[in-house]
Amino acid sequence: MNRLNLITLGTNDIVKSHNFFKSLGFQTSIRGTESNPAIIFFKNEGTRIALYPMKELVKDINKDNLPAIPGGFAGITLAYNAKSIEEVDEIINKAKSAGATIQKEPKNTDWGGYGGYFTDLDGYYWEVAYGEDWEFDESNMLVIKDQQAT
């Protein structure tokens, strides 16, 4: 098991979240109708993302012993790796215009890059960052160079 294929985000308002992500430039496909989708899949490059109603996701995890619906920081962030400083600023501005809450304005980082954070309409934290040494493969996936083989 050495790959992650799908990240499903539980959402409190799937239609509103869908519109938010579309305004950021994500292309999607809908199962169900646009006004009442059952699930929405993103047609993004790299790892796939899906939107799913939070209550249904909680039931899907364990219908007999329901986990708590998240309300605070769950210890997970999603990251968009930009190809330039300008792209970081552009994405953060798009997110803000679409209704995101900017948690950290883009700035130089302590690891030598540039980035910021926003939370989407359901409170998920997104990092948008650029690193001068980053490379991308033919599928537009970030190439992580091994510093030390383990």
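This is a predicted model: local features need pLDDT of at least 70, side-chain atom pairs count only at pLDDT 80 or more; totals for chains, interfaces and linings use all residues.

Visitor: OK, so which residues of helix 3 are buried?
Guide: Glu87, Val88, Ile91, Ile92 and Ala95. Looking down the axis of helix 3, these buried residues fall within an arc of 135 degrees, so they line one face of the helix.

Visitor: Why would that spacing work?
Guide: An α-helix has 3.6 residues a turn, so positions three or four places apart point the same way.

Visitor: And what covers the buried residues of helix 3?
Guide: The cover includes helix 1 (14-23) along with strands 5, 6, 7 and 8. On the face turned away from the buried side, helix 3 carries the exposed residues Glu86 and Ser97.

Visitor: What happens just after helix 3?
Guide: Glycine 99 sits there with a positive phi of about 110 degrees.

Visitor: Switching topic: is threonine 11 buried or exposed?
Guide: Buried, with a relative accessible area of 3%. Threonine 11 belongs to strand 1, residues 6-11.

Visitor: What does the side chain of threonine 11 pair with?
Guide: Aspartate 122, through a side-chain polar contact of 2.5 Å. Threonine 11 also touches residues including Ser17, Leu51 and Tyr52.

Visitor: Zooming out, how many helices and strands are there?
Guide: Three helices and 10 strands in the protein chain. Of its 150 residues, 31% are buried.

Notes
Residues are numbered from 1 along each chain as its sequence is written. Side-chain values use heavy atoms; hydrogens and water are left out. Helices (H or I, at least four residues) and strands (E, at least two) are DSSP runs, numbered from the N terminus. Buried means under 20% relative accessible area, exposed over 50%, partly exposed in between (1.4 Å probe, protein chains only). A polar contact is a pair of N or O atoms within 3.5 Å; within protein, one must be able to donate a hydrogen and the other to accept it, and residues adjacent in sequence count only if both atoms are side-chain atoms. Contact means heavy atoms within 4.5 Å. The arc is that of the directions from the helix axis to the C-beta atoms.
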